Amino acid sequence: MTTEELDPLIHVPTRLKIVATLAALPDGDDLSFTRLQDMIGLTPGNLIIHLRKLEEADYISSKKTSNGTVSITKVALTSHGRAALGAYTQALRDLLGAL
Amino acid sequence: MSTGALDPLIHDPERLRIVATLAALPDGDALSVTRLQDLIRLPPGSLISCLRELGRAGYVRTGPAGRGRARTTVTLTPGGRVALARYTAVLQQLPQVARPDRQRPGPGVRAGDADRDAVAAALGEHFAQGRLTLEELHARLDATLAATTQGELSQALRDLPRPRP
């Protein structure tokens with residue numbers, strides 16, 4: 001039995017939640033930072049750190065838009081991130097069988 | 001979405017592999033530590049420290065067994081089995097992690113109007129793409145609108161390709 005390694009970048013529970021939440025969106029859709037924060041229940045500082053790690057690996061992309069007064073950050077899963085989550089869940093399934 | 005916490009004791013990749021391997025044994029069966037090490041290929045030191053932590057939580061039990069060479073064996077305790085089941089259940093709550101067909105209701109589950117409409121729409125699409133003749137479409141639509149269970153509904157689409165997810 002060769003079990004593929006569980007991607008350590010995704011395996012951290014908080015990041016797993018972030019990636020799984022973003023993956024639930026239709027391909028190409030994004031989510032605002034505040035909405036994501038509500039859904040995951042993290043402090044902004046904490047969320048930013050995890051997002052930065054994911055963005056460095058090109059698993060997510062973020063873009064800042066501004067309409068003059070407020071600026072909104074939108075976060076989306078990249079196709080690379082989606083593939084990484086797919087490999088990760090496959091590795092989990094190989095391990096646990098019954099997912 | 002309130003997802004319970006993932007048991008950190010099990011979530012650690014090395015311990016997860018140990019617990020999953022032991023869980024694959026029939027209930028109550030023990031594995032020798034050497035065999036476990038072969039299966040998991042961890043350095044002996046890490047394996048021992050993982051087993052110690054799992055043992056402290058009462059998830060595994062280690063004990064000398066057999067005669068001759070002092071062979072240490074490992075067993076998943078009932079508590080460990082429950083903890084793994086709870087861990088798996090938390091994972092399944094994460095969208096995109098649970099296998100989609102696990103979320104699909106069983107064939108005996110009653111179908112509602114929304115389910116019938118979805119299948120009818122899919123049939124229309126297959127007709128439009130030339131996979132069904134007009135008569136086949138009518139026959140299947142009749143069956144779909146009369147369907148009372150998920151199983152009957154899936155019959156209407158049995159030989160048609162699924163749309164790409």
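Reader: Let's start with a detail: which residue in strand 3 of chain A is the bridge partner of A:Ile60?
Author: That's A:Leu77. Keep in mind that we're looking at a predicted model here.

Reader: What makes strand 2 and strand 3 of chain A a pair?
Author: The cut-off is at least two bridges between the strands. Strand 2 of chain A and strand 3 (residues 71-77) of chain A are joined by 7 bridges, so they count as paired. The two run antiparallel.

Reader: Staying in chain A, what makes helix 2 mostly covered?
Author: A residue is called buried when 20 or more other C-beta atoms lie within 10 Å of its own. In helix 2 (residues 13-23) of chain A, 8 of the 11 residues are buried. Among them are A:Leu16, A:Ile18 and A:Val19, and also the charged A:Arg15 and A:Lys17.

Reader: How confident is the predictor in chain A, going by mean pLDDT?
Author: The mean pLDDT is 88, and 94% of the residues in chain A reach 70 or more.

Reader: Over to chain B. How many helices and strands are there?
Author: Chain B has 9 helices and 3 strands. Starting from the N terminus, they run α-α-β-α-α-β-β-α-α-α-α-α. Of the 165 residues of chain B, 21% count as buried.

Reader: At what angle do helix 2 and helix 4 of chain B pack?
Author: About 75 degrees, for helix 2 (residues 13-23) and helix 4 (residues 44-56) of chain B, and their axes are 10 Å apart.

Reader: Why is that called roughly perpendicular?
Author: Angles of 65 to 115 degrees get that name. About 75 degrees falls in that range, so helix 2 of chain B is roughly perpendicular to helix 4 of chain B.

Reader: Which residues meet there?
Author: From helix 2 of chain B, B:Glu14, B:Arg15, B:Ile18 and B:Val19; from helix 4 of chain B, B:Ser46, B:Cys50, B:Glu53 and B:Leu54. By class, this contact has 4 nonpolar, 1 polar and 3 charged residues.

Technical notes: Residues are numbered from 1 along each chain as its sequence is written. Chains are lettered from A and ligands numbered from 1 in the order in which they are written. This is a predicted model: local features need pLDDT of at least 70, side-chain atom pairs count only at pLDDT 80 or more; totals for chains, interfaces and linings use all residues. Helices (H or I, at least four residues) and strands (E, at least two) are DSSP runs, numbered from the N terminus. A residue is buried if 20 or more other C-beta atoms lie within 10 Å of its own, exposed if 12 or fewer, and partly exposed in between; C-beta atoms are placed from the backbone. pLDDT is the predictor's confidence in each residue, from 0 to 100. Axes are lines fitted to C-alpha atoms, for helices over the stretch in contact, and angles run from 0 to 180 degrees between N-to-C directions. Angles under 35 degrees count as roughly parallel, over 145 as roughly antiparallel, 65 to 115 as roughly perpendicular and the rest as oblique. Two residues are in contact if their C-beta atoms, placed from the backbone, lie within 7 Å.
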